[in-house]
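The following exercises are to be worked with the sequence and the structure at hand. Each task is followed by a solution in steps.

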Amino acid sequence: MQPSDHRPASQIAGSAVFPHRHLTGIDGLQPHEIMFLLDEAEHWVEANRNRTKSDKRLEGLTQINAFFENSTRTLLSFEIAGKRLGADVVNMHAAQSSVKKGETLIDTAMTLNAMRADVIVIRHMSSGAVRLIAGKVDCPVLNAGDGQHEHPTQALLDALTIRRRRGHIAGQTVVICGDILHSRVARSNILALTALAARVRVCAPSTLMPVDIEKMGVTAFTDFDAALDGADVVMMLRLQNERMAGGFIPSNNEFHLRYGLTPARLARAPGALVMHPGPMNRGVEIDSAVADHPEQSAITEQVEMGVAVRMACLDVLTRRARGVEGWA
Amino acid sequence: MQPSDHRPASQIAGSAVFPHRHLTGIDGLQPHEIMFLLDEAEHWVEANRNRTKSDKRLEGLTQINAFFENSTRTLLSFEIAGKRLGADVVNMHAAQSSVKKGETLIDTAMTLNAMRADVIVIRHMSSGAVRLIAGKVDCPVLNAGDGQHEHPTQALLDALTIRRRRGHIAGQTVVICGDILHSRVARSNILALTALAARVRVCAPSTLMPVDIEKMGVTAFTDFDAALDGADVVMMLRLQNERMAGGFIPSNNEFHLRYGLTPARLARAPGALVMHPGPMNRGVEIDSAVADHPEQSAITEQVEMGVAVRMACLDVLTRRARGVEGWA
Amino acid sequence: MQPSDHRPASQIAGSAVFPHRHLTGIDGLQPHEIMFLLDEAEHWVEANRNRTKSDKRLEGLTQINAFFENSTRTLLSFEIAGKRLGADVVNMHAAQSSVKKGETLIDTAMTLNAMRADVIVIRHMSSGAVRLIAGKVDCPVLNAGDGQHEHPTQALLDALTIRRRRGHIAGQTVVICGDILHSRVARSNILALTALAARVRVCAPSTLMPVDIEKMGVTAFTDFDAALDGADVVMMLRLQNERMAGGFIPSNNEFHLRYGLTPARLARAPGALVMHPGPMNRGVEIDSAVADHPEQSAITEQVEMGVAVRMACLDVLTRRARGVEGWA
């Protein structure tokens, strides 16, 4: 494990350990800050497994989940996280929102702020929308995915899964395969994993690979077999159907042939951890035999870590407002 | 009252009285198990009427309502039931779910399970979907209606309504009239009422009557007038508009003429209890004068019993996990 | 301040101060009753700003928000209000409701009632729908907007905003500009503001001005510039896009030219308070420079007052059922 993995949060006084008001992305976080959030999440993993007594530390606080883009899983995860912490959780669904009536994003943000939200969780189809809102409101803002920009809690839950299953993150060879170009999951994961000293390889057809991706500190592959050699972790991305319509890939079958994670292909990285952010297209980017592998698949564990990571973020970001000692 | 009505739950130690992990249907329940759930529900009827202090026995538990098929009433009823018991209730609406993204049902179930749900309430358009999920998750699963299979809480609330209004269920002559062929309400009611020793008559046009229905222990009628002679309870089913499109019935008017519950027809069963699961098509399967009959209609009471029955089911099914004495 | 502003609630025993079971409109309320609700709301403004400990006085009560017409802001506001008071808040969305299945409004009301709702908040596209439901249920009903009839909590929050910003309501010259003909916001505001002795001017193109509007105690203008002379408050209404389709106005540009609140126009009423119920059509009925005016715009404050006013209404209307001293 690298030094950054070891720094215990207790040795760092107060909010110095996490001085950020918002969580708009992994970009801008120090390695020890990422590690601090993972350490905090560990506590909630245990709490969720042994639900003997509830810890309603967010009681009386209003959490607004403003989802301008549909996402059942992420919304459920943030809603469960907030409710377990005792927050009053309110969902704003964009499909029926004032947005449809032509209201500007900033007006919507000002409205949520005026209702005295204590934390706002935002998902939006535009990159940067979350940061724009964060600059306008008085409470912490949590990015639940914005356009092709970032999805920081996904990267945190992935990092936590890797750390728990592999013992550490630093030095691990992680392959991220799929639509690297459009994926905020890939982007946030690259930022988090390189910050935590993993060796990150990205793999995609050239049409779905960003130019200059190597400037992010990763190695780029178009040949999945080559990328898999010696990998410790294989993280598959979801193939968005709209990509095929966009002409980025010739067909799902073609994609599966070259970039699908099959048992034969996984055999090139013996014992590697298999990850997927869900929902999966079985038979396209991943085969069922791999997705359901009893030892190697960590896919349902990722979901579990998601709730814990979100509880940690909600807790940490509201500490200042709650007057927690050392944070106020 | 028949012997099965009398068996007090208190004489039966612990979970022996209800040894089932899930409630996927009435099928498989013993008569005393059904009666036990009705007895438990009685407690919640009183609690809901005299809400002086709240009983948050499900506090800290996460209840996920996963509704793959829309249903305002049943969802509201389960949501209110869970919240009154103090559970953290989270609704997953299929309309905006990963299902639309091609995720398999089992993957959705595994996701809800990984989020550490403590009880999952499922409504699904496919018969058997609920049982499939129940086999994959670690927590109790409650069927809120699956395809043309079962709708057990509807049968329980109907049985409770009959027991309260008629004093007992055994020996009562109950007519169920409407689309017997496609109705999960009819199916669950037939199973519950015959188990509790009621005399059940089913009545439908031959196109909407299952073959071999008499093997379920009921008497089949195509003539509604004949079916009504000597009935104690008349349970009307909702006519689904899609049935007419499917050519099962010639027209709503024709259906009303032969199978609508009119005052004249009700006069053939003097004093009989009138029931309907709702929402009603007034003027089609039931006339307003009957639906609103001050003494004979039990339709709004059914709704009230629904919340109580669902509270009972949520309470009973989570006792093991909550470590309630005699259940752990 | 006028006498009606001064009457302290504490001098009036029990429910005498607010003897109404429902809040279906401003119509029928006495000036001191309106003032009582504003006084109560003041308490919640402070409580929301200094959320040190929560006041869960509605704990154990079931609040159903039955929204037959979409409205993100109003629904959010009522949901947050109820949750802050500790109620079990349940939303019924019409888009997925039994209404679509042909159920009558009264049947829906009877269903909510049978589920033992403790307070029902209703928004409906038909004028009078809320009063119809109020007559059928056992619990208080709160109108969240019905057709072109009333939107009483909007008028209360507007009155509260004016009172806080101007010191008092009586004697203030308030201009309401826009689609007076179809607006329930205008109607409820006219009723509230005239009851509280403000001087109300309404301004609209003649196609959007009700005949006989002056019988409501207001002065009617078609010339916005003339209406603004000496105004203390300018309340702009939202221009509904469907109005243009209906041929009531020639175009958005034309409307903006004659009835848009521009900085030049606002200069005719120096220091006047600018209000808008939201969501705004910036550049149509209101210019951004006016909407965002640091001193004169009270638009986000209106949103804040909305939550406080709704908390006050939910609290006051449920006092009888909760057995609060002097109200039972």
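**Exercise 1.** Determine in which element of chain A Arg184(A) is placed, and whether this residue is buried or exposed.

*Solution.* The model is a predicted one. Step 1: Arg184(A) belongs to helix 7 of chain A, which covers residues 184-195. Step 2: its relative accessible area is 10%. Step 3: residues under 20% count as buried, so Arg184(A) is buried. Step 4: leaving aside residues up to four places away in sequence, its contacts include Glu69(A), Arg123(A), His124(A) and Asp146(A). Step 5: an unreviewed UniProt entry lists Arg184(A) under the feature "binding site", together with Lys101(A) and Arg238(A).

**Exercise 2.** Locate Arg238(A) and identify the backbone oxygen that its side chain reaches.

*Solution.* Step 1: Arg238(A) lies in the loop between strand 8 (233-236) and helix 9 (241-245) of chain A. Step 2: with 11% relative accessibility, Arg238(A) is buried. Step 3: the side chain of Arg238(A) reaches the backbone oxygen of Pro279(A) at 2.7 Å.

**Exercise 3.** Describe the open sheet of chain C: state the order of its strands and which strands form its edges.

*Solution.* Step 1: the 4 strands follow the order 2-1-3-4, with parallel pairing. Step 2: strand 2 (88-93) and strand 4 (141-146) of chain C each pair on one side only, and are the edge strands. Step 3: from one strand to the next, the twist averages 15°. Step 4: strand 3 (residues 119-124) and strand 4 of chain C are joined by 4 bridges. Step 5: Ile122(C) stands opposite Asn143(C) in strand 4 of chain C.

Key
Residues numbered from 1 in each chain as written. Chains lettered and ligands numbered in written order. Predicted model: local features only at pLDDT ≥ 70, side-chain atom pairs only at ≥ 80, totals over all residues. Heavy atoms only, no water. UniProt positions renumbered as here; feature names shortened; annotations may be inferred. Helix = DSSP H or I, 4+ residues; strand = E, 2+ residues; numbered from the N terminus. Buried < 20%, exposed > 50% of the residue type's maximum accessible area, 1.4 Å probe, protein only. Contact = heavy atoms within 4.5 Å. Polar contact = N/O pair within 3.5 Å; in protein donor to acceptor, adjacent residues only side chain to side chain. Pairing = 2+ DSSP bridges. Axes fitted to C-alpha atoms, helices over the stretch in contact; angles between N-to-C directions.
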